[in-house]
Amino acid sequence: MSADLLYSETERDLAAALADLLADRAAPADVIARTERTEAYDGKLWRTVAAEIGVAGLLIPEALGGAGASYRELAAAAEQFGAFAAPIPYLGSAAVATAALLSAARSAAAADSADRPAGAAGAAAADDEGGFGSAASGPAAALRAAQLRAAAQAPAAGASSGTRAAPVSPAAALLRQLADGSLTAALAVTAATRSGTPFPALARVTGRGAAGSGTVKLTGTIPAVTDALPADVLLVPADGVPSALYLVEAAAPGVHRTPRVSLDMTRQLCDITLDGAPARQVAVGAAAEAAVSAGLAAGAGILAAEQLGLAQRCLDLTVAYAKERRQFARQIGSFQAIKHRLADLWTTIALARAASRYAAACLADDDPDAQVAVALAKSACCEAAVNAAQECVQLHGGIGFTWEHPAHLYLKRAKAASVAYGTPGAHRAALADLVNIPSP
């Protein structure tokens, strides 16, 4: 694949708008003050980012109320969120949960297409102009099935033409609510889970809900879940025959969320305990496995972009400080040892940027090389971020070790993010398998 790694005008405009907003609403002093509270997430900032700027709907097709953009735009936004260590649940909701629901909706559309008469499917496809099929790249392009577009339309449209109207899948209905920012979701898996691993079903079906409700009861505990505390709904992979992905209302009876002491206080973890919690099926069998895998891959790819933004911010802060701080009557940036360390860091970040941009491009185009690209980006960007944050602390000297300076926010987020959705080592091992490199 020959991918364009440069930022488009749309991506640059989105990044600039977010940078202006975050500079005003997520200044370091404000973020540090928020980490001292029980609830560290900034709900008001998230609503602005999600609904007014439209980050929540970047991956969602226009037919379902979203922006119909791609992972490239979301990755550009993630870089800004990393640069400011923004305490918002965009990763769990706008990336991971949304990607899982898009995959589930695509599976539902494919299943519905197989059940419809060939003539009806062809007519719907011909009517897709400006819908899913018009997208050049991104998740919108992956949802070209005409049945999903029909599901977003009024049921009467199908009835008036004499064809059976496609039912609205649970995933498509949820995507509409996510797109307008009225709903926040989280995939209930342990934060360190990597895509490509066995189906992470820590909950199990233990019974049926009330008669006629179409629900089942789930029981189990999922530890250390990312962005689940502010979520309105949880997507829970559960063991069964076959296994499935279920929708659980976060405020439903039998759902308990317990905050954990998190290294990264701007992105809290929590343990989820389900005790006969009512749940509705979103995807089952292979479709559920594909949905969870898509969510985890999106999490790793977008988190790599966030780490890239964090690394660049640490470098910028450190270079600016090295130009101002004087020691022995000279700017410390004039010392050769400091120059070499900063030059090495710049090179590391430049290489990580190429890996991150390629991963976003592969995810956007649903490229077969996406798994390889994501594994490479996650390992490269996480190590670049940790290195940059460590250098930021050390080269700032005494002030870099204080609570008032934001360097500790970046170091904690870099360290925590390097574990989330697969460690660099785990991704390198997966990368070796993907490209058939034999182990030593």
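1. Let's start inside: of the 106 residues in the largest nonpolar core, V49, F81, L235 and I302 touch the most other members. A nonpolar core here is a set of buried Ala, Val, Leu, Ile, Met, Phe, Trp, Tyr and Cys residues joined through side-chain atoms within 4.5 Å. Helix α11 (residues 286-324) gives this core its largest share, 17 residues. Helices are DSSP runs (H or I, at least four residues), numbered from the N terminus.

2. A word on the source: this is a predicted model, where local features need pLDDT of at least 70 and side-chain atom pairs count only at pLDDT 80 or more, while totals for chains, interfaces and linings use all residues. Residues are numbered from 1 along each chain as its sequence is written, and side-chain values use heavy atoms, with hydrogens and water left out.

3. Back to I302: leaving aside residues up to four places away in sequence, I302 touches Y71, L74, A75, A78, Y90, L91 and A95, with contact meaning heavy atoms within 4.5 Å. A second, separate core has 25 residues, including A188, L218, V236 and A244.

4. On the cysteines, the structure holds zero disulfides (pairs of cysteine sulfur atoms within 2.5 Å). C392 is in no disulfide, and the nearest cysteine sulfur, that of C314, lies 4.5 Å away. C392 is buried, with a relative accessible area of 0%; C270 is buried as well, also at 0%. Buried means under 20% relative accessible area (1.4 Å probe, protein chains only).

5. Finally, the surface: I437 is found in the segment after α15 (424-434).

How values were computed:
Buried means under 20% relative accessible area, exposed over 50%, partly exposed in between (1.4 Å probe, protein chains only). Helices (H or I, at least four residues) and strands (E, at least two) are DSSP runs, numbered from the N terminus.
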